[in-house]
Amino acid sequence: MANTEIIPVIDLGPYLSGAPGAIDRTAEELHFALTEIGFYFIVNHGVPSEQIQAVFRQAARFHALPIGGDTLRTSTVATVTKANINEAFFVARDLPSDHPDVLSDRRFRSANRWPTGLPGFREAIAAYCETMEQLVRTLVRLYARALRLPLEYFDHAFREPQYKLRMTHYPYRAVLADDDFGIAPHTDTSFLTLLAPNDIPGLSIRTQSGKWIDAPVIPGAFVVNGGQLLQRWTNDYFLATPHRAVNRSGGERYALAFFCDSNIDWPVAAVPTCVGPDNPPKYPTTYYTEYMIGYQQRTYNVLHPDSKAATE
């Protein structure tokens with residue numbers, strides 16, 4: 001019997017190389033991970049380690065600049081009153097200044113605001129995002145097969161996916177209270193999140209039994225998990241597992257989380273294999289913009305607390 005309190009490691013090598021039967025075998029491993037645990041590692045994913053390390057160096061350069069933090073008010077798995085002990089810089093798709101969505105100031109499609117005085121920063125980060133986007137397109141085919149759908153089911157939905165790269169600095173604190181977190185317990189909003197290989201531990205996940213387990217350090221492995229929009233796509237069949245981060249390493253910790261969703265105009269509704277006469281859709285159809293506006297209202301609208309109930 002498979003252990004549901006160990007994060008599984010999925011080897012993408014055979015699938016990426018086209019080995020016979022690898023698609024189905026890998027999809028079954030993914031199916032187990034997302035129905036029983038909600039997290040998994042991927043190895044032999046094809047992302048050059050040199051590119052990953054270059055982005056970590058750029059993140060450290062950026063976080064040498066003075067910035068601040070936030071408090072995670074939307075957590076549904078913990079009561080959070082303290083600010084997260086982290087600093088973060090977010091990057092979306094690097095749209096040109098003359099893009100129609102930028103010119104019209106469309107929500108979630110504006111141009112990035114890049115820091116000045118960091119030569120090479122923008123180029124390295126944009127290139128990494130392109131690499132992550134290609135990896136997502138590879139993974140969503142496995143998601144389709146794991147959901148007993150045609151392999152190409154998600155191809156059009158992820159032709160130009162919405163994404164955010166969060167480059168986070170978790171400073172070390174010698175003394176931490178029980179309710180001090182680098183980032184408090186939460187679930188992601190995304191269809192999937194890719195956390196870059198990291199030599200410094202800090203991530204913990206809550207299993208379905210309610211036990212918190214620490215994610216081990218596996219050299220070269222990405223950590224992947226699903227979020228709230230994946231739950232909606234799958235009618236709660238695939239998990240959005242609560243997780244948190246605390247830096248107890250004795251030094252500085254940096255993390256690169258790539259949150260990815262479908263195209264901004266794609267309807268998010270339960271796939272046909274996750275609904276039926278005895279299992280109707282649990283959520284109305286939504287869109288990225290609609291869902292994220294509600295999420296941001298719950299997070300940031302501190303002057304209108306009644307908005308939380310209105311947007312859930």
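## Stop one: a buried loop residue

Select Asn235 and you land in the loop between α6 (228–233) and β10. Keep in mind as you go that this is a predicted model. Is Asn235 buried or exposed? Its relative accessibility is 4%, so Asn235 counts as buried. Now look at the backbone: phi of Asn235 is near 55°, a positive value in a residue other than glycine. Why point that out? Most residues other than glycine have a negative phi.

## Stop two: another loop, another positive phi

Jump to Asp105, in the loop between α4 (100–103) and α5. Here, too, phi is near 55°, a positive value, and Asp105 is not a glycine. Asp105 has 60% relative accessibility, so this residue counts as exposed.

Click on Arg106, which is also found in the loop between α4 and α5. Arg106 counts as partly exposed, with a relative accessibility of 28%. Which residues does Arg106 contact, once its neighbours within four places in sequence are set aside? Show Asp101, Ile264 and Asp265 to see them.

Switch to cartoon view and find the open sheet of four strands, which runs in the order β5-β10-β7-β8 with antiparallel pairing. Which strands stand at the edges? They are β5 (183–186) and β8 (212–214); each has a single partner strand, so one side of each has no neighbour in the sheet. From one strand to the next, the twist averages 20°.

For a close-up, select residues 203–206 and 243–245: these are β7 and β10, antiparallel strands joined by three bridges. Pick Ser204, and you can find its bridge partner, Arg244, in β10. As background, strands of a sheet pair through backbone hydrogen bonds.

## Stop four: the nonpolar cores

Time to look inside. The largest nonpolar core has 63 residues, and those touching the most other members are Tyr40, Ile42, Tyr143, Phe154 and Leu194. Which helix gives the most to this core? Select residues 121–146: that is helix α5, which contributes 13 residues.

Now centre on Leu194. Not counting residues up to four places away in sequence, Leu194 touches a list of residues including Ile42, Met132, Leu135, Phe222, Val224 and Phe258. A separate core of 18 residues lies apart from the 63-residue one. Among its members are Val43, Ile183, Leu195 and Ala255. In soluble globular proteins, nonpolar side chains tend to be buried together.

## Stop five: the cysteines

How many disulfides are there? The count comes to zero. Select Cys260 to check: the nearest cysteine sulfur belongs to Cys129 and is 9.9 Å away, so Cys260 is in no disulfide, given that the two sulfurs would have to be within 2.5 Å. Cys260 is buried, at 0% relative accessible area. Cys274 is buried as well, with a value of 5%.

## Last stop: confidence

Finally, colour the chain by pLDDT. The mean is 90, and 88% of the residues reach 70 or more. Residues 70–75 have pLDDT below 50; this stretch has 25 contacts in the model beyond near neighbours in sequence. Then select residues 307–312, where pLDDT also stays under 50 and the model has seven contacts beyond four places in sequence.

How values were computed:
Residues numbered from 1 in each chain as written. Predicted model: local features only at pLDDT ≥ 70, side-chain atom pairs only at ≥ 80, totals over all residues. Heavy atoms only, no water. Pairing = 2+ DSSP bridges. Helix = DSSP H or I, 4+ residues; strand = E, 2+ residues; numbered from the N terminus. Axes fitted to C-alpha atoms, helices over the stretch in contact; angles between N-to-C directions. pLDDT = per-residue confidence, 0-100. Contact = heavy atoms within 4.5 Å. Core = buried A, V, L, I, M, F, W, Y, C linked by side-chain atoms within 4.5 Å. Buried < 20%, exposed > 50% of the residue type's maximum accessible area, 1.4 Å probe, protein only.
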